[in-house]
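Visitor: I'd like to learn how to read features off a model like this one. Could you take me through it slowly?

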Amino acid sequence: MKKMLVVAALAICSFANAQKGTVLVGGNISYASETRDFGNAETKTNEFAFSPKVGYQFHENWTVGGEFTVSSSKDETGAVEEKYNGFKLGAFVRYTMPLSETFSVFADMGAGFQNEKNKIYGPGNAYSKSKADGMYVGVTPALFINMKKGFGLNFSIGGLGYETLGYDNNGPDVNSFYFNFGKTFNIGISKNF
């Protein structure tokens, strides 16, 4: 029994140490859909985002790196259609806790610059556009499933964060806090080299 405990402890330690000094390459694809009913009008929102990231795992549990996100969304309310295209560029830090050789949980904290371009199409061929720049910070907890030799799948169902956007041409300044656990679903892949 004592030998089995020693072997199990060595296996867990060797799994955790195998990642130190490696380069993490990964990315997420996310999709969010929401329908809101305002009595006389219904709003449908669909959003898609792709978020690649590259980092260096300098410690058994810690990774630091860069991230990039490209997103697109569409809102429809009656005869009005709004399209949003955005990108984010920033840095992240990740803390990972192995639960077994197959499962780990981690939390990513990212911060950086963001940009958004909006186009609004209204009734009678009405059209307007706007552009905004700002900053973001967010925390996303996730589950990692090790498929084979550091290659695996990441799953998350939301996070929390804070964003700012300042619109051009005397447009509004928007500050928003979000807590979207259970409202989004992200699937990603990652590989440690």
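Visitor: Let's start with one side chain: is Phe48 buried, partly exposed or exposed?

Guide: A word on the ground rules before that. This is a predicted model, so local features need pLDDT of at least 70 and side-chain atom pairs count only at pLDDT 80 or more, while totals for chains, interfaces and linings use all residues. Residues are numbered from 1 along each chain as its sequence is written, and side-chain values use heavy atoms, with hydrogens and water left out. Now the scale: buried means under 20% relative accessible area, exposed means over 50%, and partly exposed is in between (1.4 Å probe, protein chains only). Phe48 has a relative accessible area of 43%, so Phe48 is partly exposed.

Visitor: What does the side chain of Thr43 contact?

Guide: Look for a polar contact, a pair of N or O atoms within 3.5 Å; within protein, one must be able to donate a hydrogen and the other to accept it, and residues adjacent in sequence count only if both atoms are side-chain atoms. Here the side chains of Thr43 and Thr77 are joined by a polar contact of 2.9 Å. Thr43 belongs to strand S2 (residues 42-57) and is buried, at 6% relative accessibility.

Visitor: How many salt bridges are there?

Guide: The rule asks for a side-chain nitrogen of Lys or Arg within 4 Å of a carboxyl oxygen of Asp or Glu. That gives 7 salt bridges. One of them pairs Lys53 with Glu67, the closest N and O atoms being 3.5 Å apart. Lys53 lies in strand S2 and Glu67 in strand S3 (residues 62-77), so this pair ties together parts that are 14 residues apart in sequence.

Visitor: Are Lys53 and Glu67 buried or exposed, and which network do they join?

Guide: Lys53 is buried, with a relative accessible area of 12%, and Glu67 is buried at 12% too. Salt bridges link Lys53, Glu67, Arg94 and Asp108 in a network.

Visitor: Which residues does Glu81 bridge to?

Guide: Glu81 forms a salt bridge with Lys74, where the closest N and O atoms are 3.7 Å apart. Glu81 also meets Lys83 in a salt bridge, at 3.7 Å from N to O. Glu81 is partly exposed at 22%, Lys74 is partly exposed at 32%, and Lys83 is partly exposed at 34%.

Visitor: Where is the patch of positive charge?

Guide: Patches are made of residues with over 30% relative accessible area and no salt bridge, like charges being joined within 9 Å. Lys and Arg count as positive. On the surface, Lys117, Lys119, Lys129 and Lys131 gather into such a patch. Strand S5 (103-121) and strand S6 (127-148) each supply at least two of its residues. Lys117, for one, lies in strand S5 and is partly exposed at 48%.

Terms used: Patch = residues over 30% accessible without salt bridge, like charges linked within 9 Å, V, L, I, M, F, W, Y side chains within 5 Å. Areas by Shrake-Rupley, 256 points an atom, 1.4 Å probe, with all protein chains shown as cover. Charge placed at Lys NZ, Arg CZ, Asp CG, Glu CD. Helix = DSSP H or I, 4+ residues; strand = E, 2+ residues; numbered from the N terminus.
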